[in-house]
Amino acid sequence: MKAISPTVALTAASLLAFIGSAEPIKRNTGYGLPLVEDEALVNSIIIDDLLGCAQDLEDIAYSTSRRNRVHGTEGHLNSVKYFVDQLNSLGDYYDVQLQDFTTEVTIESHAELSINGETVETGGFSFGNNGTWTDTPLVTVADLGCNPEDHPDTLNGAVALIARGNCTFIQKITLAGEKGAIAAIIYNNADAGVAAGTLGGVNDEIPVGGITRADGLRLVSQIADGATVTSSGEFWQYIANTTSYNVVASSKQGDASNVLFLGAHSDSVEAGPGINDNGSGSCGILTIAKQLAKFRTNNQVRFAWWTAEEEGLLGSEHYVNIAAPAELDRVRLYLNFDMIASPNYVLGIYDGDGSSYNLSGPAGSAEVERLFEAWYESQDLPYVGSEFSGRSDYGPFLDVGVPCGGLETGADGVKTEEEVALFGGTAGIWYDPNYHSAKDNVTNLSLEAFEATSKAIAHAVATYGKSWEGFPTRNVTSLTRKSLRPSKKYSSLMRKSKRGKKLY
């Protein structure tokens with residue numbers, strides 16, 4: 001991994017200077033405003049506002065040389081500035097705070113691969129190590145490469161060819177390296193471009209690249225037929241320590257002992273501007289925060305735009321780790337929104353009661369799931385349960401016993417025929433075929449999913465901003481996450497594949 005110049009730090013300093021000098025428009029904090037009403041807030045959420053925000057984030061990304069919003073880079077720092085600017089324009093309705101966080105991040109990378117002298121489409125993985133090799137045999141790893149016995153002794157001095165799925169990328173390449181492989185190539189498990197993702201952090205493992213499912217299966221077949229298949233590759237990355245920021249905005253009125261907390265991550269991967277992942281969630285909650293400023297609430301409402309989610313939930317984890325226990329105890333419910341405008345969408349609701357995936361959340365997680373279900377039903381919209389795996393920014397909150405919920409529309413899970421019957425779209429491909437690619441831009445959003453999901457979020461804000469009636473009291477003395485026996489609340493039509501986001 002290569003060093004990089006400290007230009008990012010200068011941009012961060014400029015951002016802090018902007019925040020420190022910003023003068024919000026003065027107005028009352030909400031006490032003279034009408035109490036929030038469900039219909040009024042829901043109807044105020046329109047697609048033009050959501051798309052306007054998404055376009056702004058794309059413009060921010062494309063105005064930089066890297067054309068992305070990786071945390072700590074110019075594109076992300078300008079995104080943070082944008083969120084703060086938008087919130088400050090509302091006057092003093094919100095207390096807006098920046099929470100700095102410093103970590104390592106992949107800033108830039110290069111990936112090049114040829115097989116038997118012919119160039120093959122490839123991509124790198126975040127935190128992949130540098131490596132170059134020439135005319136080195138390619139050896140197939142059995143099954144999905146998740147067990148030591150899958151990796152043959154013939155890997156010594158060779159390049160491992162491994163299928164994506166079931167275990168982390170880092171586990172696959174660690175096992176290959178232990179058998180002497182000098183590099184690894186992972187092929188995708190769906191027809192959705194090259195395999196890509198993150199290794200979760202700086203490591204000492206062998207270099208790794210990703211290729212498409214079609215190329216992977218072709219090479220597996222050739223090797224099985226006894227052909228000699230050699231590969232040449234060049235992979236490198238720039239890794240830097242960078243500072244980036246969580247943006248946290250809390251309404252200045254409402255009961256601060258019973259907080260409704262909403263969050264979405266604000267960073268993208270290196271490959272592109274990240275407009276569905278996760279400009280959509282960021283814009284959904286920003287649009288709602290702006291409209292909510294026309295009302296007062298009985299309970300405090302807090303919004304957060306998390307940094308460094310793409311590197312492993314680092315921003316939200318940092319927030320939870322440094323928060324005083326008493327502060328977290330005041331959060332009645334945390335709601336997360338990560339990818340809410342997928343082009344081949346489903347309308348997914350986090351499975352807080354464990355009825356679909358046998359993993360429930362703390363008391364209150366089931367109740368918010370039912371609230372979202374009831375709202376979709378009232379709009380004659382279908383929905384599916386989404387695995388309550390903790391693999392987005394609600395995970396750190398679950399780990400300290402905070403009730404959680406949320407909505408999403410799918411990432412790199414494969415859409416089923418049953419889901420096509422419910423939502424339309426195309427079976428056999430990812431919910432977002434542009435996931436973690438340069439094509440994740442404004443032109444590839446589902447406007448229907450974007451608007452429907454954002455209105456559902458507004459319904460939750462209006463409901464819990466007004467009253468916690470019927471919602472369980474927080475149990476702040478125990479961690480209540482647990483496994484349940486499966487129920488039959490959802491049929492097979494109501495299930496979706498694991499999103500499999502980030503690490504495998």
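Let me start with a word I'll be using a lot: a residue counts as buried when its relative accessible area is under 20%. With that in hand, hello everyone, and please keep in mind that what you see on the screen is a predicted model.

So, how many of the residues count as buried? Of the 504 residues in this protein, 58% do. The chain is built from 13 helices and 16 strands. And if you take contacts between residues at least 6 apart in sequence, 81% of them join residues at least 24 apart.

Helix α3 covers residues 47–62, helix α13 covers residues 447–466, and their axes are 10 Å apart. How do they lie relative to each other? They pack at an angle of about 110 degrees, and since 65 to 115 degrees counts as roughly perpendicular, α3 and α13 are therefore roughly perpendicular. On the α3 side, the contact is made by I47, L50, L51 and A54, and on the α13 side by L447, F450, E451 and S454. Sorted by class, that gives six nonpolar residues, one polar and one charged.

Now for the aromatic rings. A pair of rings is described by how far apart the centres are and by the angle between the planes. Searching the whole structure turns up 26 aromatic pairs. One of them is Y82 with F83, an edge-to-face pair with 5.8 Å between centres and 65 degrees between planes. Are these two buried or exposed? Y82 has 12% relative accessibility, so it counts as buried. F83 is at 0%, so it counts as buried too. Both belong to one aromatic cluster, together with Y93, Y94, F303 and W305.

Here is another pair to find on your screen: F261 and Y319. These rings are also edge-to-face, at 5.5 Å centre to centre and 85 degrees between the planes. What does this pair link? Distant parts of the chain: F261 sits in strand β9, residues 255–265, while Y319 sits in helix α8, residues 314–322, and the two are 58 residues apart. F261 and Y319 are both buried.

R67 lies over the face of Y62, 3.9 Å from the ring centre.

How values were computed:
Residues numbered from 1 in each chain as written. Predicted model: local features only at pLDDT ≥ 70, side-chain atom pairs only at ≥ 80, totals over all residues. Heavy atoms only, no water. Axes fitted to C-alpha atoms, helices over the stretch in contact; angles between N-to-C directions. Helix = DSSP H or I, 4+ residues; strand = E, 2+ residues; numbered from the N terminus. Parallel < 35°, antiparallel > 145°, perpendicular 65-115°, else oblique. Contact = heavy atoms within 4.5 Å. Nonpolar A, V, L, I, M, F, W, Y, C, P; charged D, E, K, R; others polar. Phe/Tyr/Trp six-rings, centres within 6.5 Å; stacked < 30°, edge-to-face > 60°. Buried < 20%, exposed > 50% of the residue type's maximum accessible area, 1.4 Å probe, protein only. Lys NZ or Arg CZ within 6 Å of the ring centre and 35° of its normal.
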